[in-house]
Amino acid sequence: MRPDKTFFDRLAEAAKVETLPRFRSSLDVVNKEAGGYDPVTEGDKAAETVIRSLIEAEFPDHGILGEEHGNVGLGRDSVWVIDPIDGTRAFISGLPTWGTLIGFQEKGRAVMGMMDQPFTGERYFADGEKSWYRGPDGERQLRTRACSDLSDAILYTTSPDIFQVDERARFDAVRANVRLTRYGVDCYAYALLAAGFVDLVIETGLKPYDVGALIPIIEQAGGVITTWDGARPEAAGKIIAASSKAVYDQAMAILQA
């Protein structure tokens, strides 16, 4: 049984209660990665806890893949994919470019998803057929931009530092051919792509919960999202998202050269 938008909204509102009051406040931050920096806050943990509790009460037969509290029933036909605060570095730095990601898969394929940004009041949602935006400036259906040439494209990535040496060379080769490159904004870049403001997002080292909610938002807005080798993106890793097939093909030709 598929959930409806009302239930996604309930999950987002419940998470918002845990995240928004902690944003731009004094926070205890824990580093999860020895030898690196992978921060987690009490907001991440509390938001995922409340999301999971609502899912378990409403859909006890569904699986859950979550960043902070482990996985349950990943072999089930219906699986939720949760990232309570995507962009924790932005969150702890006071930047309103983080978001709560709530994705829904059927038989391993992402079919519904929501990205909620509580501070700006923006919500991006894929209902299984179309993608939608609701925010301070109203509500509308999302459509990607019909960019036909890489030379006209706007490219985003979280940071050039995320790439390994060989990956960085391929990313730089794409970057050299676009009109504009910007850095940062995590999940917000993918939402902007679905909304028609960005043409490419290229990243690496992503986890399934980083993209699970974003895949259907992009695809149902008319965009393309795959791994760098052209496979389905649900397992994450090296990800490319494009506003059009034309830009996707041109960027992929460079990434795979």
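Buried means under 20% relative accessible area, exposed means over 50%, and partly exposed falls in between (1.4 Å probe, protein chains only). Thr88 is buried, because its relative accessible area is 8%. This is a predicted model, where local features need pLDDT of at least 70, side-chain atom pairs count only at pLDDT 80 or more, and totals for chains, interfaces and linings use all residues. Residues are numbered from 1 along each chain as its sequence is written, and side-chain values use heavy atoms, with hydrogens and water left out.

**Thr88**
- Thr88 sits in helix α3 (residues 88-93); helices (H or I, at least four residues) and strands (E, at least two) are DSSP runs, numbered from the N terminus.
- Its side chain makes a polar contact of 3.0 Å with the side chain of Asp44.
- A polar contact is a pair of N or O atoms within 3.5 Å; within protein, one must be able to donate a hydrogen and the other to accept it, and residues adjacent in sequence count only if both atoms are side-chain atoms.

**The five-strand sheet**
- An open sheet of 5 strands runs in the order β12-β11-β13-β15-β14, with mixed pairing; two strands pair if DSSP finds at least two bridges between them.
- β12 (180-183) and β14 (224-227) are the edge strands; each has a single partner strand, so one side of each lacks a neighbour in the sheet.
- From one strand to the next, the twist averages 20°.
- β14 pairs with β15 (residues 237-242) in the antiparallel sense over 4 bridges.
- Thr226 has Ile240 in β15 as its bridge partner.
- Helix α5 (residues 187-194) lies across β11 (154-157), β13 (200-206), β14 and β15, at about 150° to β13.
- Axes are lines fitted to C-alpha atoms, for helices over the stretch in contact (heavy atoms within 4.5 Å), and angles run from 0 to 180 degrees between N-to-C directions.

**Ser131**
- Ser131 lies in strand β9 (residues 131-135) and is buried at 0% relative accessibility.
- A polar atom of the Ser131 side chain lies 3.5 Å from the backbone nitrogen of Ala221.
- Beyond neighbours within four places in sequence, the contacts of Ser131 include Phe125, Arg140, Leu142, Pro216 and Gln220.

**Cavity**
- The whole structure holds 1 cavity of 30 Å³ or more.
- On a 1 Å grid over the protein atoms alone, a cavity is a set of points where a 1.4 Å probe fits but cannot get out; lining residues have an atom within 4 Å of a point.
- The largest cavity has about 40 Å³ of space, a volume being the space filled by probe spheres set on the points.
- Among its lining residues are Lys5, Met114, Trp132 and Glu139.
- β9 gives the largest share of that lining, 3 residues.

Methods
On a 1 Å grid over the protein atoms alone, a cavity is a set of points where a 1.4 Å probe fits but cannot get out, and a pocket is an open set with protein on both sides within 12 Å along at least five of seven lines; lining residues have an atom within 4 Å of a point.
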